[in-house]
Amino acid sequence: MREYGARTALVVVDVQNDFAHPEGSLYVAGAPQAIAAANREIERAREAGALVAYTQDWHPEQTPHFARDGGIWPVHCVGGSWGAELHDELLAPEDAPRVRKGVDGEDGYSGFTVRDVERGEQAATELEGLLRLRGVEHVLVAGLATDYCVKETALDALRLGFETTVLRDAIRAVDLEPGDGERALEAMREAGAQLA
Ligand code: VGL
Ligand code: ZN
């Protein structure tokens, strides 16, 4: 049984319409089940007074992340669009922090870091600071997608020294190649994450 407390934070990764809604441009199979599981965790976290932080993939209209500009993805989560909004069924109180990745056109999958596409430099988002300010030591990760943003967020959390737990029921994979989700779980486990 997971215990939430003041030194625990639940990070809910990219549960946005483009990934989580069947009409989204990059719909992840099983997203509704991941939302249901994430909502149970969010309720428990809030009851215990634990921080719940939400990340959002937040792209400009043009970015080398998109296939039409040389990347691999259909256009998704363009900042300010319907696809970038958190899914309606996700419990997301107004007062909970939202961390938007890529607001200045940077690239990257982790909720903690973004990369300048021209210079290749990494920069931190505000997520780590939010957690440090609250004295968080243990990060639990839920959301989408297992093989991209969940994985990179969990690996960064470990790198930054947080005890890290990945909530298997509350995540789903894109699986561009069959098995990507399983391989991502293995990579997170090998790096030191607990799979719960
Ligand atoms: C993601 C693919 C492209 C994610 C973001 O949130 O996992 N996946 N952009
Ligand atoms: Zn993206």
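This note sets out points on one helix and on several salt bridges in a predicted model.

1. Residues are numbered from 1 along each chain as its sequence is written, and side-chain values use heavy atoms, with hydrogens and water left out. As the model is predicted, local features need pLDDT of at least 70 and side-chain atom pairs count only at pLDDT 80 or more, while totals for chains, interfaces and linings use all residues.

2. Helices (H or I, at least four residues) and strands (E, at least two) are DSSP runs, numbered from the N terminus. Among the buried residues of α4 are Y148, V150 and L158. The partners against which the buried residues pack include β1 (8-13), β7 (163-172) and α5 (180-190).

3. The whole structure holds 12 salt bridges, each a side-chain nitrogen of Lys or Arg within 4 Å of a carboxyl oxygen of Asp or Glu. In one of them, D95 pairs with R46, with the closest N and O atoms 3.7 Å apart. D95 lies in the loop between β2 and β3 and R46 in helix α2, so the pair ties together parts 49 residues apart in sequence.

4. K101 and D57 also form a salt bridge, at 3.7 Å from N to O. K101 belongs to strand β3 and D57 to strand β2, 44 residues apart.

5. R132 and E128 form a salt bridge at 2.9 Å, N to O. Both lie in helix α3, 4 residues apart, about one turn of the helix.

Note on methods
Chains are lettered from A and ligands numbered from 1 in the order in which they are written. Buried means under 20% relative accessible area, exposed over 50%, partly exposed in between (1.4 Å probe, protein chains only). Contact means heavy atoms within 4.5 Å.
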